[in-house]
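Dear colleague,

I am passing on to you the structure that I have been working through.

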Amino acid sequence: METHVCHKFEQASKMLSKPWVGLIINQLLHGPKRFNQLESEIHISGKVLSTKLRELEHLGLINRLIYDEKPVRIEYQLTEKGKSLEPIMKTMADWSQTWIT
């Protein structure tokens, strides 16, 4: 019996397995965050974080919120598409607590 890999499943798997993506999404599940918050919570370089945030914005998983304040305040938050990953992230967190030593 031959099995076929679902193209959409493959794309989703590739997207979520990119370095830092899961960690960024997981942090944003707790609410909007500023760049510096994400940088310090995830322990990621600013250059890499900037690149990953642009990728996630392009994929429609996050929004960049710009507040007209002095100085300008920028926050990142999950879109509805990004929030829909919450059950997957929770399952992964639960699995890791049970099986990762």
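In what order do the elements of the protein run from the N terminus on? Before I answer, please keep in mind that this is a predicted model. The elements run α-α-β-α-α-β-β-α-α, and the secondary structure comes to six helices and three strands. The C-alpha trace spans about 65 × 30 × 25 Å along its principal axes, and of the 101 residues in the protein, 24% are buried.

Let us turn to the sheet. Its three strands form an open sheet in the order E1-E3-E2, with antiparallel pairing. Strand E1 (33-34) and strand E2 (62-67) each have a single partner strand and stand at the edges, so one side of each is left without a neighbour in the sheet.

Is Glu-75 buried or exposed? Its relative accessibility is 12%, and because a residue under 20% is called buried, Glu-75 counts as buried. The side chain of Glu-75 makes a polar contact, at 2.9 Å, with the side chain of Arg-73. If neighbours within four places in sequence are left aside, the residues in contact with Glu-75 include Pro-32, Lys-33, Asn-63, Leu-65 and Tyr-67.

Which residues have the most contacts inside the largest nonpolar core? This core has 17 residues, and those with the most contacts inside it are Ile-24, Ile-25, Leu-28, Leu-38, Leu-53, Leu-56 and Ile-62. The elements that give two or more residues to the core are H2, helix H3 (35-42), helix H4 (46-58) and E3, and H2 supplies the largest share, four residues. Ile-25, again leaving aside its neighbours within four places in sequence, is in contact with Leu-16, Leu-56, Leu-61, Leu-78, Leu-85 and Met-89. In general, nonpolar side chains tend to be buried together in soluble globular proteins.

With best wishes

Methods
Residues are numbered from 1 along each chain as its sequence is written. This is a predicted model: local features need pLDDT of at least 70, side-chain atom pairs count only at pLDDT 80 or more; totals for chains, interfaces and linings use all residues. Side-chain values use heavy atoms; hydrogens and water are left out. Two strands pair if DSSP finds at least two bridges between them. A nonpolar core is a set of buried Ala, Val, Leu, Ile, Met, Phe, Trp, Tyr and Cys residues joined through side-chain atoms within 4.5 Å. Buried means under 20% relative accessible area, exposed over 50%, partly exposed in between (1.4 Å probe, protein chains only). Contact means heavy atoms within 4.5 Å. A polar contact is a pair of N or O atoms within 3.5 Å; within protein, one must be able to donate a hydrogen and the other to accept it, and residues adjacent in sequence count only if both atoms are side-chain atoms.
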